[in-house]
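Please look at the sequence and the structure before reading on.

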Amino acid sequence: MKEIHVQENDAGQRVDRFLMKLFPSLPKGMMYKAIRNKKIKVNRKRCTIDQRLQFQDVVHLFLPPEVLEEKKQADAFLQVPKELDICYEDEQILIVDKPVGLRSQSDAAGPQDCVVMRVLRYLYEQGSYEPHREQSFTPAICNRLDRNTRGLIIAAKTANALREINAGIRSHQVKKYYLACIEGKMDREQEEIQLYHQKIGTKAQLYAHPHPGAHPCALRYRQLAFYHDASLLEVELISGKFHQIRAMFAFMHHPLLGDVKYGAKQRNTYQALAAVRLQFAFPQESTMAYLNNQTIAIPWEKIEKDWKQQGIL
């Protein structure tokens, strides 16, 4: 028999999902059968597959020890660089300014350098993340940016923050603003654009009207500055589709400077796009409502200056 005490970051999960994270060697079929046959109990009582665990619950498993080997917490994050540009931090979340060229998260096995791994190293060295004490939770990021897009990424330190921020993003309670520099000049200085989006391979395909397999997407923009052949825009992302900003302005015949993938003129630079501001509108009952009076931002003048120094503008 094995006894597991549910920790604070484990709470709120379904029994089956908690066990799958904790015991990767436990076959799903065996787990479901054991729950039905009362060989897996919560607080010594019969449980259900979808029962939500509470802090300080005790899970008992009457199963062979070979299927109850707990997940080993890797420390590969100690092998990545520690540089991290922190814009905001509290006990629940961390917001960082991701540089161009750094991935948001790993796309391969092993210690690949990315925002997630750098955040884990930072939290570990600060003493706020102890991987060998966590059973099912690992700090994670709530939003992602393309490798060559700079800007703000939210990392959750706790399971509760991860759930609340992710739900807030889905419900448009987290407002995301970008700085984009496009070729030419839009017809209007500010406007809301609505199109239909479909991911095809490694690119986004857009349509002006409903299309099979395509979903609505929208953004708002306002012009901040105009140069001799380019416009600097503030963009509010209303929906969050793959390559949405890049593809939408390309569809309007004004691709982002340097974004040759979407038809821009050839330049020896990356696309002129940066996630520069976050604002929050959580309901008052949310544990993240304290963020509602916070605006986390990178001044657009700073991005503009950097782009000029790098030859993008």
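## The largest pocket

What volume does the largest pocket have? The largest pocket has a volume of about 1,300 Å³. Of the 50 residues that line it, Ser104, Ile141, Asn143, Arg144 and Leu145 are the closest to its centre. Two or more lining residues come from each of α3 (115-126), β7 (140-141), α4 (159-170), β9 (174-183), β13 (230-237) and α5. The largest share, four residues, belongs to β9. By class, the lining of the largest pocket holds 20 nonpolar, 15 polar and 15 charged residues.

On a 1 Å grid over the protein atoms alone, a pocket is an open set of points with protein on both sides within 12 Å along at least five of seven lines, a cavity is a set where a 1.4 Å probe fits but cannot get out, and lining residues have an atom within 4 Å of a point. Grid points are joined across faces, edges and corners, and a volume is the space filled by probe spheres set on the points. Ala, Val, Leu, Ile, Met, Phe, Trp, Tyr, Cys and Pro count as nonpolar, Asp, Glu, Lys and Arg as charged, and the others, Gly among them, as polar.

## Basis of the model

The model is predicted: local features need pLDDT of at least 70, side-chain atom pairs count only at pLDDT 80 or more, and totals for chains, interfaces and linings use all residues. Residues are numbered from 1 along each chain as its sequence is written, and side-chain values use heavy atoms, with hydrogens and water left out.

## Overall make-up

The protein has six helices and 15 strands; helices (H or I, at least four residues) and strands (E, at least two) are DSSP runs, numbered from the N terminus. Its C-alpha trace spans about 75 × 45 × 40 Å along the principal axes. Of the 313 residues, 49% are buried, where buried means under 20% relative accessible area, exposed over 50%, and partly exposed in between (1.4 Å probe, protein chains only).

The largest cavity is lined by Asn143, Leu152, Lys176, Tyr177, Tyr178, Ala275, Arg277 and Leu278. Both β9 and β14 (273-280) give two or more residues to this lining.

## Strands around β10

Strand β10 (residues 190-200) pairs with strand β12 (residues 215-226) in the antiparallel sense over eight bridges; two strands pair if DSSP finds at least two bridges between them. Here Gln190 stands opposite Arg222 in β12.

Five bridges also join β10 to the antiparallel strand β11 (residues 203-207), and Ile200 has Lys203 in β11 as its bridge partner. The hairpin of β10 and β11 has two residues between the strands, and Gly201 takes a positive phi near 65° there.

## Residue Gln244

Gln244 is found in helix α5 (residues 244-251). Is Gln244 buried or exposed? Gln244 counts as buried because its relative accessibility is 2%.

The side chain of Gln244 reaches the backbone nitrogen of Lys241 at 3.0 Å. Not counting residues up to four places away in sequence, Gln244 touches Cys217, Ala218, Leu219, Leu237 and Ser239, where contact means heavy atoms within 4.5 Å.

How values were computed:
Polar contact = N/O pair within 3.5 Å; in protein donor to acceptor, adjacent residues only side chain to side chain.
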